[in-house]
Amino acid sequence: MRILAVSGSLRSGSYNTCLLRALREEAPEGVEIDLWAGLATIPAYDADDDVVPGPDAVEELRSVVREADAVFFSTPEYNSSIPGALKNALDWASRPIATNVFRNKPVAVISASAGAFGGVWSAAELRKVLGAMGSRVADVELAVGHAGEKFDEEGHLIDDDVRETLREGLEALISEVTPAPVALEVEA
């Protein structure tokens with residue numbers, strides 16, 4: 001199973017990117033977590049350029065999402081919402097609407113910020129946008145407040161409670177990709 005991990009932050013020392021690196025450490029055998037680093041390369045959305053094929057960076061994004069079994073997002077909060085670069089990338093990926101690469105794709109959303117609330121509003125906004133795009137949004141909640149206290153100087157996650165909730169979120173997303181078998185009733 002291949003899960004694409006997308007950080008909503010462009011900052012090199014991003015807590016959200018650090019969370020996704022910790023997610024890789026929690027991946028069970030047979031699950032590969034690929035951290036996508038192309039967010040900064042996506043051009044501003046312009047409907048005049050919304051042709052097939054689109055700009056190279058946009059086609060690369062569409063390709064990695066298409067090839068993934070699921071997508072795991074971690075986002076900061078900017079002005080009580082989704083960072084512009086992430087929203088812009090999703091605007092591109094949502095085209096064409098009826099057949100976009102996120103349609104029916106299992107996704108999970110978590111957030112982290114230096115503030116007390118951990119980006120809960122941006123995570124809620126991102127879930128809303130992904131749902132509108134047709135994604136299957138997993139029931140995953142993790143908002144890491146005061147994120148600077150949860151990582152060491154090298155960006156390693158040092159908070160066991162956050163790590164456990166992160167692991168549970170990954171398990172929930174995996175179950176969206178490979179749901180438990182349904183027991184069929186057999187008439188006697």
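In which helix is Asn88 found?

A: Asn88 is found in helix α3. The model is a predicted one, in which local features need pLDDT of at least 70 and side-chain atom pairs count only at pLDDT 80 or more, while totals for chains, interfaces and linings use all residues. Residues are numbered from 1 along each chain as its sequence is written, and side-chain values use heavy atoms, with hydrogens and water left out. Helices (H or I, at least four residues) and strands (E, at least two) are DSSP runs, numbered from the N terminus.

Asn88 counts as buried, at 15% relative accessibility. Here buried means under 20% relative accessible area, exposed means over 50%, and partly exposed lies in between (1.4 Å probe, protein chains only). Leaving aside residues up to four places away in sequence, Asn88 touches Ile42, Pro43, Ala44 and Tyr45; contact means heavy atoms within 4.5 Å. With Pro43 there is also a polar contact: a polar atom of the Asn88 side chain lies 2.8 Å from the backbone oxygen of Pro43. A polar contact is a pair of N or O atoms within 3.5 Å; within protein, one must be able to donate a hydrogen and the other to accept it, and residues adjacent in sequence count only if both atoms are side-chain atoms.

Leu90 also has its place in helix α3. This leucine is buried, with a relative accessible area of 3%. Its contacts, not counting residues up to four places away in sequence, are Phe73, Phe102, Leu126, Val129, Leu130 and Met133. The C-alpha atom of Leu90 is separated by 9.5 Å from that of Leu61, a residue 29 places away along the chain.

The arc is that of the directions from the helix axis to the C-beta atoms.

The loops on either side of α3 come next. In the loop between β3 and α3 is Ser80, whose phi is near 65 degrees, a positive value in a residue other than glycine. Ser80 is partly exposed, with a relative accessible area of 35%. The loop between α3 (84–93) and β4 holds Pro96, and a cis peptide bond with omega of about -15 degrees joins Arg95 to Pro96. Another cis peptide bond joins Val52 and Pro53, with omega of about -5 degrees. Pro53 has its place in the loop between β2 and α2 (56–67).

Strands β1 and β2 come up again at helix α5. The buried residues of α5 pack against β1 (2–7), α1 (15–26), β2 (32–36), β3 (70–75), β4 (106–112) and β6 (143–144). They are Val162, Arg163, Leu166, Gly169, Leu170, Leu173 and Ile174. Down the axis of α5 these residues fall within an arc of 140 degrees, so they line one face of the helix. Asp160 and Asp161 are exposed on the other side of α5. Asp159 caps the N-terminal end of α5, with a side-chain oxygen 3.0 Å from the backbone nitrogen of Asp161. In the loop between β6 and α5 is His146, which has a positive phi of about 50 degrees although it is not a glycine. His146 counts as partly exposed, at 37% relative accessibility.
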